[in-house]
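Visitor: I have a model open and would like to learn how to read it. Where do we begin?

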Amino acid sequence: MATRPFQVPEQSVVDTAARVPAVVGDALRVPLVTGGQIGYANLDHAASAPCLRGVRDAVDELLPWYASVHRGAGFASQVCTRVYEGARAKLRAFTGARDTDAVVFTRNTTDALNLLARALPRATSVVLFDTEHHAALLPWGSGPRVRRLPTPATPEDAVEALDAALADCPEGPRLAVLTGASNVTGEVWPVAELARVARRRGARTVLDAAQLAPHRPVRIGELDIDYVAVSAHKLYAPFGAGALVGRADWLNAADPYLAGGGATRAVRDSSVGWNLGPERHEAGSPNTVGVHALATACQTLAADGWRPIIEHEARLLRRLRAGLGEVPGLRELSLFGAGHDRVGVVSFTVDGRDPGLLAAALSAEHGIGVRDGLFCAHLAVRRLLAEAGADSQRALRVSIGLGTTTEHVDRLVTALHRLVTAGPRWSYEQVDGRWGPVGDPREAPAFLDG
């Protein structure tokens, strides 16, 4: 069957990639099952974003100086200590934190939210929506003081539901768990309005900003939130770091997140004195390189203002959604409606097509990386699939970012249209639940042979 190529809207032809920070791997070429190589189209930024070139350079600059932090007398140790502690100031500036806020370095957003969950005062009531990523959904456990609200139909419904739930909480501390942007649909939540309701009801707020912070400014003071959690691997710094930024009192009053060196002030046979401040929850040798990478990425993203980044992604997102709208049988998933503000994430299904097979064929035949599945948000995706009338139990997700070009978007749309109307050109099979090419001829990069 002949396929009609995607027609790009004339007003969207400007490629804005040159105006935003460059990423490592933008010239990467990958093999195809049909032979030859093609430039890799990474359309899976929402899972892990590529490394900024400036971050790579900063890491390379630090590595010769790499040494112990805080307790080393050597000059290199003193340098690394300054780098590590200086990163706190950079995270505080990036998040618009208050002078009294703590900046605790963690492994990622999941780690940061689990840390906060461990630090909650006794008998804290927690209210959240079932749309949350598992990182924000699961750390609080279950029980009468943990209330999950169903997916709201509109942002206004979300504000009303949170207001009612907090009003119904028993006496004691309260925490509202908020999302900046959906991990599934990219839609931006009304964080300031939700925080205003929480403040009126005497509740604190924590913002999972993993999907929002790489795309939009996140300012604690302006949003009037109490805590924010971010992940470096979403922020173009894939070196295993994250941060929890927010009010210090609950953190200082809680037992240390980990017991070990660095968290202690004094250890005796019968007692342990614990540090206050961020070190209380940062036991063990810290991830100095990862923290430096995260801080550098934050500085780089904010250096020239957010406007070029927002405009770049907005143009590509309009182009992407216009193209997807021409694919037969495609059902886009949405929380608040097709016109709601979102970052560069689109999830969808295609009638009669297995998302896993489509993802495998896009990779093997077209050099395109996307994500299929439930995106660590099982409750949200299953509900959205049911609401969309989809015939699949999984979805396909395309996510764009600084490394995305117009060619990537156009190739994805054209390839998807061809796969849906004419089918794959290669044979595929499922192995351990994952689709892959039969007799895959693609060779892995040489460094894996070592």
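Guide: Begin with accessibility. Buried means under 20% relative accessible area, exposed means over 50%, and partly exposed lies in between (1.4 Å probe, protein chains only). Now the ground rules. This is a predicted model, in which local features need pLDDT of at least 70, side-chain atom pairs count only at pLDDT 80 or more, and totals for chains, interfaces and linings use all residues. Residues are numbered from 1 along each chain as its sequence is written, and side-chain values use heavy atoms, with hydrogens and water left out.

Visitor: Is Pro-424 buried, exposed or partly exposed?

Guide: Pro-424 has 31% relative accessibility, so this residue counts as partly exposed. Pro-424 sits in the loop between α13 and β18. Helices (H or I, at least four residues) and strands (E, at least two) are DSSP runs, numbered from the N terminus. Contact means heavy atoms within 4.5 Å. Leaving out residues up to four places away in sequence, Pro-424 touches Ala-361, Glu-365 and Leu-419.

Visitor: What is the relative accessible area of Thr-349?

Guide: Thr-349 has 1%, so Thr-349 is buried. This residue belongs to strand β14 (residues 345-350). Beyond four places in sequence, its contacts include Gly-329, Leu-330, Arg-331 and Leu-385.

Visitor: How many residues does the chain have, and what percentage count as buried?

Guide: The chain has 450 residues, and 53% of them count as buried. There are 13 helices and 19 strands. A compact globule of 450 residues would have a value near 22 Å, and the chain agrees with 23 Å. Along the principal axes, the C-alpha atoms fill a box of roughly 75 × 55 × 45 Å. Among contacts with a separation of 6 or more, 71% come from residues 24 or more positions apart.

Visitor: In what order do the seven strands of the open sheet run?

Guide: Two strands pair if DSSP finds at least two bridges between them. Here the order is β4-β10-β9-β8-β7-β5-β6, with mixed pairing. β4 (102-106) and β6 (146-149) stand at the edges with a single partner strand each, so one side of each has no neighbour in the sheet. From one strand to the next, the twist averages 20 degrees. β4 and strand β10 (residues 242-246) run antiparallel and are joined by five bridges. Thr-106 has Gly-242 as its bridge partner in β10. Helix α3 (residues 109-119) packs on the sheet, and its direction makes about 150 degrees with that of β9. Helix α5 (residues 155-167) also packs on the sheet, touching β5 (125-129), β6 and β7.

Visitor: What about the hairpin? How many residues lie between β18 and β19?

Guide: Two residues lie between them, and Asp-432 in the turn has a positive phi of about 55 degrees. Strands β18 (residues 428-431) and β19 (residues 434-437) run antiparallel, joined by four bridges. Tyr-428 is opposite Pro-437 in β19.

Visitor: At what angle do the axes of α10 and α13 cross?

Guide: Axes are lines fitted to C-alpha atoms, for helices over the stretch in contact, and angles run from 0 to 180 degrees between N-to-C directions. Angles under 35 degrees count as roughly parallel, over 145 as roughly antiparallel, 65 to 115 as roughly perpendicular and the rest as oblique. Helix α10 (residues 307-324) and helix α13 (residues 406-422) cross at roughly 10 degrees, with axes coming within 9 Å. They are therefore roughly parallel to each other. Contact residues include Leu-316 and Arg-319 of α10, and Val-409 and Asp-410 of α13.

Methods: The radius of gyration is taken over C-alpha atoms; the globule rule is 2.2 Å times the number of residues to the power 0.38.
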